[in-house]
2 protein chains.
Amino acid sequence: MLDTALEECLPPEDRFPEVIFRAMRYSVLNGGKRLRPVLTLAACEAVGGDPEVALPAACAVELIHTFSLIHDDLPALDNDDLRRGKPTSHKVFGEAIAILAGDALLALAFEAVTKRTKGVPPEVVLEVTRRIASAAGIGGMAVGQVVDMISEGKQIPPETLEFMHTNKTGLLIQTSVVAGGLLGGGTPEQIGALSRYGQKVGLAFQIADDILDIEGEQERIGKTVGSDLRKQKATYPSLYGIEKSKELARLAADEAIEALRAFDHRADPLRALACFIVERQA
Amino acid sequence: MLDTALEECLPPEDRFPEVIFRAMRYSVLNGGKRLRPVLTLAACEAVGGDPEVALPAACAVELIHTFSLIHDDLPALDNDDLRRGKPTSHKVFGEAIAILAGDALLALAFEAVTKRTKGVPPEVVLEVTRRIASAAGIGGMAVGQVVDMISEGKQIPPETLEFMHTNKTGLLIQTSVVAGGLLGGGTPEQIGALSRYGQKVGLAFQIADDILDIEGEQERIGKTVGSDLRKQKATYPSLYGIEKSKELARLAADEAIEALRAFDHRADPLRALACFIVERQA
């Protein structure tokens, strides 16, 4: 369902000027984990909504995630050659097209959610759009990426590490969850609980990601293992060590599940996702 | 009114991490012509609306315009050192921050229009947001920029030149006009007329811009005169010559004004803007 919907958001590769559409499709349709959109759909289901109505928003958060990967990989930023086991966008299409494809995906996210969402009051779609814009920009990712960059090679205090992760990764994950809840018609109490769940799941994900960068097998995670270490990036393991980091990730996942205690079986996919996030191997 | 509103959209420079907010403010608050937002406010007025309701959308189109300038100036794209008489963003803040500041401005545009627009039905705000997203992305700017890039140093047919300009510049200008009309509560006929006006004004602007690149004084236009020529960019003067280009610009402005014939005196600012666009010296 999700991959078909993503595919439908993207113009065909043979439309002029082909290279931008090829670049957009190359990065979006390459078998990512789809964590954020899956959280959106699961959160919609958890409040009793039809996941179909949350599908455009789910696509939007995945498009934004993909945009951020393309730009983060650029030579001026992380300068990464591999992503999900394949050459990064700028390696394949050149820097200019990678920059423009990222820009286009960011804009497309807002087009997708505003144009394709059906069967939801317009004020709810507006609220979801506003939250996604904030998480993608100065209310999240843009700020986190800057802190990541200016912290490279420096000793940073735990508060700065947390600020960086919350902004760079956490807020879009949390917003993906909350968006699903809003589109599914959740009550304010449910949205509050989903927001807490999303915050904890985002934290668990980031710690797990830091651990994988050290312990993962290159083949499985599809990027260069140990790249954070080489770049002297601040990570949870570098601050707390591996064992303590694993404990923190599990604790965050437990707290995420605890936040869902008032939900019935329809929140089981969200509960399972919290477990998956800390147990994943790639 | 407009500059205050833009200022209010942007976080203060002393918020952490300061460099991104400094970079965003540097490029937005530097005395641009504000053509797009002025068109939005004037179009709102032309249909009898209160320009105040169109102010967030006006800010959004200017933020998007600024984002596009920052990214277009990057070394991987046009590699320009000067913009509006000042060093370009990447010259001042470095490439990484310039990329991220552009990204943040694009996202901020959608946050501004969805969060700050008041006194307009939410479905209208959604429609405006959708149109802006399209014009900023694959329905406009992203595509035009790619064609501009891949056409450098090549002889291109007039259709491709027009396609490039329509997408790169024209559609955001047209959308700026239509957004104002929609937010002001224009009738479908009025929106149709504004759309024609916006299309012609966008064309006139682009031709005039091409002419200025050749005839303007460097000091006045604030970028390097003749830079299109040096980069062997396809332009109206390179295809049609200066005199014929001037005629085409005047014709487009006349057609823009003609599209407003059913409007009363409240469309006078729009009429004046069409004249200004072809007569401007910078």
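Reply: Helices and strands here are DSSP runs, a helix having at least four residues and a strand at least two, numbered from the N terminus. The model is a predicted one.

Me: In which loop of chain B does B:N79 lie?
Reply: B:N79 has a positive phi, near 50 degrees, and is a residue other than glycine. With 14 other C-beta atoms within 10 Å, B:N79 is partly exposed. Its loop in chain B is the one between α4 (55–72) and β1 (82–83).

Me: What are the mean pLDDT of chain A and the ipTM of the model?
Reply: In chain A, 94% of the residues reach a pLDDT of 70 or more, and the mean is 93. For the model, pTM is 0.96 and ipTM is 0.95.

Me: How many helices and strands are there in chain A, and what is its radius of gyration?
Reply: Chain A holds 15 helices and two strands. For 282 residues the globule rule gives 19 Å, and the value for chain A is close to that, so the chain is as compact as a globular protein of that length. The radius of gyration of chain A is 18 Å.

Me: What percentage of the residues in chain A is buried?
Reply: Along the principal axes, the C-alpha atoms of chain A fill a box of roughly 50 × 45 × 30 Å. Among its contacts between residues at least 6 apart in sequence, 69% join residues at least 24 apart. Of the 282 residues in chain A, the buried share is 56%.

Me: Which element gives the most residues to the side of chain A that touches chain B?
Reply: Each chain puts 40 residues into the contact. On the side of chain A, the elements giving two or more residues are α2 (18–28), α6 (95–116), α7 and α8. With 14 residues, the element that gives the most is α6(A).

Me: How many residues on that side of chain A are nonpolar, and why do the copies meet through the same surface?
Reply: The copies meet through the same surface because 100% of the interface residues of chain A are also interface residues in chain B. By class, the side of chain A that touches chain B has six charged residues, six polar and, as nonpolar, 28.

Me: How many residues of helix α8 of chain A are buried, and which elements of chain B do they pack against?
Reply: Helix α8 of chain A spans residues 141–151 and is mostly covered, with nine of its eleven residues buried. Among the buried ones are A:M141, A:V146 and A:M149. Within chain A they pack against α4 (55–72), α7 (122–136) and α9 (158–183), and from chain B against α2 (18–28) and α6 (95–116).

Me: Is B:T117 buried or exposed?
Reply: B:T117 sits in the loop between α6 and α7 (122–136) of chain B. Leaving out residues up to four places away in sequence, B:T117 touches B:V53, B:P56, B:A57 and B:V125. The C-alpha atoms of B:T117 and B:A57 are 7.4 Å apart, although 60 residues separate the two in sequence. Because 21 other C-beta atoms lie within 10 Å, B:T117 is buried.

Me: Which residues have the most contacts inside the largest nonpolar core?
Reply: In soluble globular proteins, nonpolar side chains tend to be buried together. Beyond four places in sequence, the contacts of B:A204 include B:A249, B:A253 and B:I277. The largest nonpolar core has 194 residues, and those with the most contacts inside it are A:A204 and B:A204.

Me: What is omega for the peptide bond from A:F16 to A:P17?
Reply: A:P17 is in the loop between α1 (2–9) and α2 of chain A. In chain B, the bond joining B:F16 and B:P17 is cis, with omega about -5 degrees. The bond from A:F16 to A:P17 is cis, and its omega is near -10 degrees.

How values were computed:
Residues are numbered from 1 along each chain as its sequence is written. Chains are lettered from A and ligands numbered from 1 in the order in which they are written. This is a predicted model: local features need pLDDT of at least 70, side-chain atom pairs count only at pLDDT 80 or more; totals for chains, interfaces and linings use all residues. A residue is buried if 20 or more other C-beta atoms lie within 10 Å of its own, exposed if 12 or fewer, and partly exposed in between; C-beta atoms are placed from the backbone. Two residues are in contact if their C-beta atoms, placed from the backbone, lie within 7 Å. Ala, Val, Leu, Ile, Met, Phe, Trp, Tyr, Cys and Pro count as nonpolar, Asp, Glu, Lys and Arg as charged, and the others, Gly among them, as polar. The radius of gyration is taken over C-alpha atoms; the globule rule is 2.2 Å times the number of residues to the power 0.38. pLDDT is the predictor's confidence in each residue, from 0 to 100. A nonpolar core is a set of buried Ala, Val, Leu, Ile, Met, Phe, Trp, Tyr and Cys residues joined through C-beta atoms within 7 Å.
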